[in-house]
Amino acid sequence: MGTWIRVENIMTPECERVVHLLTSARRVVVLSGAGMSQESGVPTFRDAQHGLWAQYDPMELATAAAFGRAPARVFGWYLWRHRLVQQAEPHAGHLALAALAQTFSGFTVVTQNVDGLHRRAGSEDVIELHGALDAFRCFDAGHPFDAAELSDLAVPESGEVRPPLCSTCGSPIRPGVVWFGESLPTGAFERASAAVRDADASVVVGTSAVVYPAAALPEMAVSTGIPVIEINPEPTPLSSLATVSWMTTAGAALSELAAALGVPVPRDG
Ligand code: OAD
């Protein structure tokens with residue numbers, strides 16, 4: 001009887017190209033969006049069926065004016081999302097990125113995500129362009145508010161929760177995310193642009209690349225001429241400009257990449 005040989009770890013052609021592109025890179029910038037967290041069970045925004053913006057109107061939930069009109073509705077929605085991401089865990093792709101950082105002299109993760117999963121996976125150089133869900137603060141003065149104080153707040157069926165008031169100035173507490181029409185956190189875009197300018201290669205993962213100014217960063221990478229590696233199961237406006245369009249999930253691609261580069265990935269960060 002013949003002997004079967006199991007063929008494992010055969011590299012996909014996309015992975016082979018990416019390994020080749022990264023071999024000579026010293027500084028890498030990663031630009032991530034909601035698709036990065038999809039495999040952790042955090043919904044994206046623009047998925048036609050399950051995306052948050054398919055179910056909710058961003059103008060009723062993600063603007064300062066909406067918070068002014070209906071603070072309990074807005075606060076309740078963000079409290080729900082805060083709890084959802086607290087229960088979520090970084091997946092293999094987040095862990096692979098954190099591990100990959102060790103093999104380059106610079107490795108900056110610029111994310112549009114507010115879920116903190118890159119940080120929790122162990123990535124150290126992270127720029128959170130759209131803020132963080134857990135960085136609650138007061139609306140008027142920005143006094144910080146400890147998210148742990150929210151753990152006893154019940155969310156009724158209506159989903160509406162009156163925001164607590166700031167113990168310093170009495171202003172209502174809001175989530176630490178950037179709403180439509182607001183500026184990015186001070187210096188975040190400048191630091192992200194510098195990371196792109198300094199990089200020898202870029203990885204753009206899980207973003208529809210349509211929300212500005214974040215979407216200007218992969219465009220900047222294209223125009224500086226560094227390799228742009230896109231990881232996304234669906235095509236985006238960036239796909240035709242990217243050096244490699246790797247059409248698969250973040251978890252699959254980044255795990256394969258770490259294995260191909262011989263980088264061990266701890267299972268739980
Ligand atoms: P989107 O929801 O617009 O796009 C998510 C992208 O992830 C899509 O292109 C999907 O094809 C892709 N995707 C889905 N599952 C994936 C997976 N498992 N692996 C890799 N990619 C996957 O999310 P963003 O581009 O992040 O802003 O949206 C940008 C901003 O729009 C958000 O930060 C948010 C939103 O309005 C604010 O709230 C200010």
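## A tour of salt bridges and cysteines

Select Arg119 and Asp134 first: their side chains form a salt bridge, with N and O 3.8 Å apart. The term denotes a side-chain nitrogen of Lys or Arg within 4 Å of a carboxyl oxygen of Asp or Glu. Arg119 belongs to helix H8 (residues 117-121) and Asp134 to strand E4 (residues 131-138), so this pair links parts that are 15 residues apart in sequence. Helices (H or I, at least four residues) and strands (E, at least two) are DSSP runs, numbered from the N terminus.

The model is predicted: local features require pLDDT of at least 70, side-chain atom pairs count only at pLDDT 80 or more, and totals for chains, interfaces and linings use all residues. Residues are numbered from 1 along each chain as its sequence is written, and side-chain values use heavy atoms, with hydrogens and water left out.

Colour the first pair by accessibility. Arg119 is partly exposed at 36% relative accessibility, and Asp134 is partly exposed at 38%. The classes are buried (under 20% relative accessible area), exposed (over 50%) and partly exposed (in between), with a 1.4 Å probe and protein chains only.

**Next selection: Glu60, Arg69 and Arg73**

Salt bridges with shared partners connect these three residues, Glu60, Arg69 and Arg73, into one network. Display Glu60 with Arg73, where the N to O distance of the salt bridge is 3.4 Å. Glu60 sits in helix H4 (residues 58-61) and Arg73 in helix H6 (residues 71-87), so the contact ties together parts 13 residues apart in sequence.

Glu60 is partly exposed at 29%, and Arg73 is partly exposed at 36%. In total, the structure holds six salt bridges.

How many disulfides does the structure hold? There are zero, a disulfide being a pair of cysteine sulfur atoms within 2.5 Å. Select Cys166 and draw a distance to Cys169, which has the closest cysteine sulfur: the separation is 3.8 Å, too far for a bond. Cys169 is likewise in no disulfide, and the cysteine sulfur nearest to that of Cys169 belongs to Cys138, at 3.7 Å.

Cys166 is buried, with a relative accessible area of 8%, whereas Cys169 is partly exposed at 39%.
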